[in-house]
Amino acid sequence: MRPDYIKLAQRDHITLSRWRAITCDLPASGLSRMASGSIRARREGLQRGVAIIMVMLIVALATVLATYLAQQQQLWQRQVESQFDRAQARRLGVAGIDWARAVLADDARANNTDHDGEMWALRLPAMPVDNGEVMGVIEDRQGLFNLNNLVRNGQSSAPDIAQFQRLLALLGLPGELAVALADWMDNDSEAQYPGGAEDVYYLSLPQPYRTANRPLVELGELLRVKGFDERSIERLRPFVSVLPLSKPINANFAPAEVLAAVIPDMSLSDARLLVQQRRGKPFKDIIDFKQRLPRNGTQMNDQDFSVSSEFFWVTGRARVVNSQVTTQALLQRSGGWPVVVWQNVQ
Ligand SMILES: [Ca+2]
Ligand SMILES: [Ca+2]
């Protein structure tokens with residue numbers, strides 16, 4: 001028979017060496033009884049310790065989880081609020097384009113001329129709205145030289161190329177750019193001389209591509225045309241437009257450089273004088289314009305000019321809290337309510 005204390009040790013899964021460590025100081029007499037009580041007490045102590053540690057771990061885990069969930073909730077809330085603000089700013093931006101259309105429709109009902117003294121051309125300060133502001137500017141787009149005029153009915157137009165070459169010369173840019181652009185847009189594949197380029201040139205580039213052979217869609221496309229670079233595009237930007245239709249230039253908005261380029265016998269200094277005289281006294285009609293030109297505009301082609309516009313450029317900005325949206329739109333007003341030819345909201 002094994003002594004009771006050994007049975008107890010085995011029952012409680014205590015090794016013999018551990019048992020000896022526990023009982024080494026106890027006298028042999030009464031050992032069995034005392035050993036039984038001691039083991040129970042230590043086991044209960046161990047269990048309480050484990051339980052306390054488990055509770056602490058659960059509390060710590062719960063705290064970490066609660067903190068994480070609170071942070072996720074705040075993040076989600078901020079994302080929802082930000083998306084809501086952006087959606088509101090976007091709606092405001094689109095509403096700004098509609099506002100511009102309404103203003104231009106009103107103007108069309110009021111008169112047949114367009115100039116920078118009209119209400120639509122005023123630059124208004126930003127208007128406050130709930131938690132933000134909105135602002136927009138309407139600009140004429142028909143006082144500029146329309147690059148798409150270089151090609152008419154799919155064919156390069158020599159008179160328009162000559163006008164553009166005069167504009168290029170006034171801006172200090174090479175005249176070959178006009179020929180290269182005409183080739184880019186005309187529907188044939190025969191390069192004009194000098195300066196033209198068609199598929200033979202573009203397909204021989206390190207990263208080859210084909211000639212567009214169609215009108216331009218936007219000014220940035222010039223980067224693909226032989227001879228143009230960012231510097232020349234920026235130089236041209238204040239003086240040229242890219243319109244889907246060929247329309248006469250609005251003499252009330254044309255910069256002096258454009259007037260001097262389109263009217264063959266007009267010098268740049270004469271054109272600058274005319275632009276000065278135009279301020280506060282816009283041209284009423286083409287007859288008025290011709291009468292105020294040097295030599296009464298004897299070399300002017302009446303078809304090249306008008307005193308009204310169909311195309312307008314709208315830029316806007318809407319902000320709600322910290323979300324901001326910018327808008328750009330090309331509008332065409334040919335009678336009633338202007339239509340959006342192109343718009344970008346971002
Ligand atoms: Ca008007
Ligand atoms: Ca071509």
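Q: How many bridges join S9 to S10, and do they run parallel or antiparallel?
A: This is a predicted model, to start with. In it, strand S9 (residues 311-320) and strand S10 (residues 323-332) run antiparallel and are joined by 10 bridges.

Q: Which residue in S10 is the bridge partner of alanine 318?
A: Alanine 318 is partnered by valine 325.

Q: What sits between S9 and S10?
A: Two residues, and the two strands form a hairpin. Valine 321 in that turn has a positive phi of about 55°.

Q: And S10 to S11, how many bridges there?
A: Six, with the strands running antiparallel. Threonine 327 is opposite valine 345 in S11. S10 and S11 also form a hairpin, here with six residues between them. In the turn, glycine 335 has a positive phi of about 130°.

Q: How many bridges does S1 have with S2?
A: Three, in the antiparallel sense, with strand S2 covering residues 132-140. Valine 129 is opposite glycine 132 in S2.

Q: Stepping back, how many helices and strands does the chain have?
A: There are 10 helices and 11 strands. The chain has 346 residues, and 30% of them are buried. Of the contacts with a separation of 6 or more, 61% are between residues 24 or more positions apart.

Q: On to helices. At what angle do H4 and H5 cross?
A: Roughly 140°, with the axes of helix H4 (residues 158-170) and helix H5 (residues 176-185) coming within 8 Å. H4 and H5 are therefore oblique to each other. Their crossing is right-handed.

Q: Which residues make the contact?
A: On H4, Ile161, Phe164, Gln165 and Leu168; on H5, Leu177, Ala178, Val179 and Ala182. By type, the residues of the H4 contact with H5 are seven nonpolar, one polar and no charged.

Q: Why is H5 described as largely enclosed by the rest of the structure?
A: Because nine of its 10 residues are buried. The buried residues of H5 are Leu177, Ala178, Val179, Ala180, Leu181, Ala182, Asp183, Trp184 and Met185.

Q: What covers the buried residues of H5?
A: The cover includes S4, S5, H4 and H7.

Q: Loops next. Where is alanine 212?
A: In the loop between helix H6 (199-202) and helix H7 (230-236).

Q: Which residues is alanine 212 in contact with, leaving aside its neighbours within four places in sequence?
A: Trp184 and Met185. Both of those are among the buried residues of H5. The C-alpha atoms of alanine 212 and aspartate 183 are 9.0 Å apart, while the two residues are 29 residues apart along the chain.

Q: Is alanine 212 buried or partly exposed?
A: Alanine 212 is partly exposed, because 17 other C-beta atoms lie within 10 Å and 20 or more would be needed to count as buried.

Q: What about the backbone of asparagine 213?
A: Asparagine 213 has phi near 55°, a positive value in a residue other than glycine. Most residues other than glycine have a negative phi. Asparagine 213 is in the loop between H6 and H7, and is partly exposed, with 16 other C-beta atoms within 10 Å.

Q: Which loop holds asparagine 153?
A: The loop between strand S4 (151-152) and strand S5 (155-156). Asparagine 153 also has a positive phi, about 55°, although it is not a glycine.

Q: Is asparagine 153 exposed or buried?
A: Asparagine 153 is exposed, with 8 other C-beta atoms within 10 Å.

Q: Last one: is the peptide bond from tyrosine 193 to proline 194 cis or trans?
A: That bond is cis, with omega near -5°. Most peptide bonds are trans. Proline 194 lies in the loop between H5 and H6.

Technical notes:
Residues numbered from 1 in each chain as written. Chains lettered and ligands numbered in written order. Predicted model: local features only at pLDDT ≥ 70, side-chain atom pairs only at ≥ 80, totals over all residues. Helix = DSSP H or I, 4+ residues; strand = E, 2+ residues; numbered from the N terminus. Buried ≥ 20, exposed ≤ 12 C-beta atoms within 10 Å, placed from the backbone. Contact = placed C-beta atoms within 7 Å. Pairing = 2+ DSSP bridges. Axes fitted to C-alpha atoms, helices over the stretch in contact; angles between N-to-C directions. Parallel < 35°, antiparallel > 145°, perpendicular 65-115°, else oblique. Left-handed = near helix turned anticlockwise from the far one by under 90°. Nonpolar A, V, L, I, M, F, W, Y, C, P; charged D, E, K, R; others polar.
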